[in-house]
Amino acid sequence: MDSIIETQRQAHEEIERYEIALYSLLSRSQPTHEVRLQTEHKAAQVLSRISSRVASLKTQYDDEDARKAEINALTAPAQPGDLSEFYARLVKIQDHYNKYPDVTAGAFESELAALLEEGNQDGVDEEFEEEDPVSLMFSGEEAYGKYVDLYANHTTYNNLKNMTKRLPYLQYLDVLLAAQNSTLHDELPKQTRNCKEYEVYIRNLHDYLLSFVKRTQPLIDIDSKHREDEAEFQKKWEAGEFDAEWEDQSSTRVPSEEAGGIWCSACQKNYTKQTVEPPQNPNGVHTSHTTFPNDTNSWRARIRNAALFTNLSASLLAVLAPTINETKSNVERRFSLTAREQGTGEEEEEEERIYNPLKLPLGWDGKPIPYWLYKLHGLGVEYRCEICSDHVYMGRKNFDRHFQESRHAFGMRALGLAEHEAFPRNYSHRGCALTRQSPLVAEKLKREGKHEIFEQETMEELEDDEGNVYNKKTYEDLKKQGLI
């Protein structure tokens, strides 16, 4: 066991060095939002370490008996030359280092160096990618803590019971901002705010806002402020200041004698006739009684939780008012963009940085392929196919592959040729993609041309002066002989 005096001395030294490190962190320049947030999270870690050591020192100083025993053990012995205490402590030290031979002496120095490490803030080495644990705390919609992501809460809000109007996202943000001047969600009817779904919604909203404040403002002691607000709410709740705002509707139910019907205490409902039987579950208990128990304490506890989280959420919204305003501006800006600008805005910026002076084809990663690979596959040679409407294919491999594609097959069908007819199994004419150079295509077109000429001579009919009808060839032969 270490000496309590040495432990206190070491704790005081670490506190002083942590304070120096905290000053170094907060005195740095913070040009961007990301750098500022990273610095604040590191400063929060330093403050947490200082707090833990201060709490440990307080505990040790309160234990006066242990300090007095330690001081007595370190004072001069009664007999001169008595070194038994010294050797006993020396044996403990030797046993410790024999048990842990690989322990490092500069562990605290390494911890301080890790906290004070700045990383690649100047952007000198663009290929250097440092792992940023702060960025993992935020979603893509939150944009490193610049905006809030309340889409899930907005959907839950619109799905509450007895909602007369569903608000769009921008109006929902306006409702949250209005909590600075009035009660949060005072636009909702009391019946909606007293239901169980609202309690779940307001609890989730409070948890998200509290988590967001801790992530974006780590130097603020939000827990202390949170406890103060909760204590203040408890005093007001016990004084009955929220009774008018959160009225217990179960006490306003009218019994059967005054309502003129049959009152069911389990269902908390009036029935007009005795024959109307409320729905029951397999156990014979009313379904409404199973879902909504007639328990005043449970009802009051639910109303109190809803009021508590509503009050605490309003306090958190006041802290996050600038962030919510920025979120609203960002949503309005995104609504004004077109679909193309929203989908490809950031990708176009990245593509503009690609340096491709040789106009090389892009690979699977969106970057130009190596030049040696470009030359190896002959991608600089153009192959033109007239059957494919003079389409140009770069490289012999792409040109050979296009014979099996739909573009070439469509061109062959347009010429009246089947693929197997133009290109036999031996593929002897596979490279002949020009119409004038392919002997099979030329022969086919010549045969079709002769057939069209023959059909024109035999199908066209002419009439002589006497009304006799002949085809064109017969008519011309008779006319040459002078018979017509």
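Colleague: What does the accessible surface of the protein come to, and what share belongs to carbon and sulfur atoms?
Modeller: About 32800 Å², with 51% belonging to carbon and sulfur atoms. Areas are Shrake-Rupley with a 1.4 Å probe, and for residues only the protein chains shown count as cover. Keep in mind that this is a predicted model: local features need pLDDT of at least 70, side-chain atom pairs count only at pLDDT 80 or more, and totals for chains, interfaces and linings use all residues. Residues are numbered from 1 along each chain as its sequence is written, and side-chain values use heavy atoms, with hydrogens and water left out.

Colleague: How many helices and strands are there?
Modeller: 21 helices and 6 strands. Those are DSSP runs numbered from the N terminus, H or I of at least four residues for helices and E of at least two for strands.

Colleague: And how much of the protein is buried?
Modeller: 28% of the 484 residues. Buried is under 20% relative accessible area, exposed is over 50%, and partly exposed is in between (1.4 Å probe, protein chains only).

Colleague: Which residues have the most contacts inside the largest nonpolar core?
Modeller: Leu150, Tyr157, Tyr198, Tyr201 and Leu205, in a core of 44 residues. Such a core is a set of buried Ala, Val, Leu, Ile, Met, Phe, Trp, Tyr and Cys residues joined through side-chain atoms within 4.5 Å.

Colleague: Which residues of α6 are buried?
Modeller: In α6, residues 151–158, the buried ones are Asn153, His154, Tyr157 and Asn158. They sit on the same side of α6, because they cover an arc of only 135° around the axis, taking directions from the helix axis to the C-beta atoms. Their cover includes α7 and α9.

Colleague: Switching to charges, how many salt bridges does the count come to?
Modeller: 15, where a salt bridge is a side-chain nitrogen of Lys or Arg within 4 Å of a carboxyl oxygen of Asp or Glu. In one of them, Lys328 meets Asp174 at 2.5 Å, N to O. Lys328 is in α14 and Asp174 in α7, so the pair ties together parts 154 residues apart in sequence.

Colleague: Are Lys328 and Asp174 buried or partly exposed?
Modeller: Lys328 is partly exposed at 21% relative accessible area, and Asp174 is partly exposed at 31%.

Colleague: What about Glu199 and Arg203, where do they lie?
Modeller: Both are in α9, 4 residues apart, about one turn of the helix. Glu199 is buried at 11% relative accessibility, while Arg203 is partly exposed at 32%.

Colleague: Last one: which residues form a nonpolar patch on the surface?
Modeller: Leu83, Phe86, Tyr87 and Leu90, with about 390 Å² of accessible area together. Patches take residues with over 30% relative accessible area and no salt bridge, joining like charges within 9 Å and nonpolar side chains (Val, Leu, Ile, Met, Phe, Trp, Tyr) within 5 Å. Leu83 sits in the loop between α3 and α4.

Definitions and conventions
Contact = heavy atoms within 4.5 Å.
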